[in-house]
Amino acid sequence: MNPIIQELQTEAKSRLASIRSPQDLESFRIAYLGKKGKLRDLMEQLKNVPDDQRRDFGRQVNEFKQFLEESIKSLKIETSSSAASKDSFDETLPGILPATGRIHPINQMIQEICRIFERLGFETVDGPEIETEFHNFTALNIPLDHPSRDSFDTFYTSEGELLRSQTSTVQIRVMQDRKPPLRIIAPGRVYRPDAVDASHSFMFHQIEGLMVDDRVTFSDLKGVLQLFLRELFGKDAKVRFRPHFFPFTEPSVEVDIKWGKGWLEVLGAGTVDPNVFEAVGYDPKKVQGFAFGLGVERMVMLRHKIQDIRLFYENDLRFLEQF
Ligand code: PHE
């Protein structure tokens, strides 16, 4: 290659490498391709080149010109896009929406259930998760040798308290604090030392209900629960009451709803045992009541056909964002 062109090209390459903005690029273009630019100077020299070398020199000048034009063209694309992100702000572009959270499916279900009972005059109340044996067992008429008191079935603290294994504790607290008539609903976490698998967790959610007045019958319990389950599962839901045993209700039932060809248990319930009224200082001859308890995870799993309870606690947004 002709040494003059060679030198110019080397110089041009190093200047190209330091171009950072459209302005740099434009001054480069003017310096080389402009009216008084270096390429023009080269052309002027053409006439001084000996006849036999002129053709070759002309070709090299042309190649250099092509090199310059192509380099400028490709840098134009680069500098204009990086300049846009660095130096300019397009106020017509839509904004970036901040990610908004949503209510966890367990809490959605709790809210929905509490709304239904609130329409029936029940008040939503809260109770502690760390409890005494009295509130979790003794006042609920659960005998000292009952297996649920065992440390295989209840978490105890080193201070002799426990993590409540059922929301029935809130029945006791509310009755200790207040006089009848009462209509309360108490959602919350409960704890049991179960090995975790697709249908068990050491922590889950229950909702407790309690109604106490001077005359509350088993028919009231049936009416309220039937209405509740039809609100939740649709007005055609079929409900079945099956005799059962709970220490704190007498008589007791388990409540099933029709699910496909079979029945599924969804609630435990009954009329309040007189011993429970006595434990909280109510006169069992003057008051009557009913109580019920349900598992919240169970309800959500039924409604959305969820097979694995662990999904609720893993905080995986791919799961949670579906609700
Ligand atoms: N506490 C019972 C349970 O955990 C449910 C229940 C509540 C049953 C109130 C009857 C009355 O299984």
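I count helices (H or I, at least four residues) and strands (E, at least two) as DSSP runs, numbered from the N terminus. With that in hand, I found 11 helices and nine strands in the protein chain.

A note on the source: this is a predicted model, where local features need pLDDT of at least 70, side-chain atom pairs count only at pLDDT 80 or more, and totals for chains, interfaces and linings use all residues. Residues are numbered from 1 along each chain as its sequence is written, and side-chain values use heavy atoms, with hydrogens and water left out.

Next I looked up the sheet. I took two strands as paired if DSSP finds at least two bridges between them. Seven strands form an open sheet with mixed pairing, in the order β1-β4-β5-β9-β8-β7-β6. Its edge strands, β1 (123-124) and β6 (239-246), each pair on one side only. I then followed β4 (residues 182-191) and β5 (residues 203-213), which pair in the antiparallel sense over 10 bridges. Pro187 has Ile207 in β5 as its bridge partner.

My last stop was Arg298, which sits in helix α10 (residues 296-304). Leaving aside neighbours within four places in sequence, Arg298 is in contact (heavy atoms within 4.5 Å) with Leu264 and Glu265. I also checked Ile309: it is 11 residues from Arg298 in sequence and 8.4 Å away in space, C-alpha to C-alpha.
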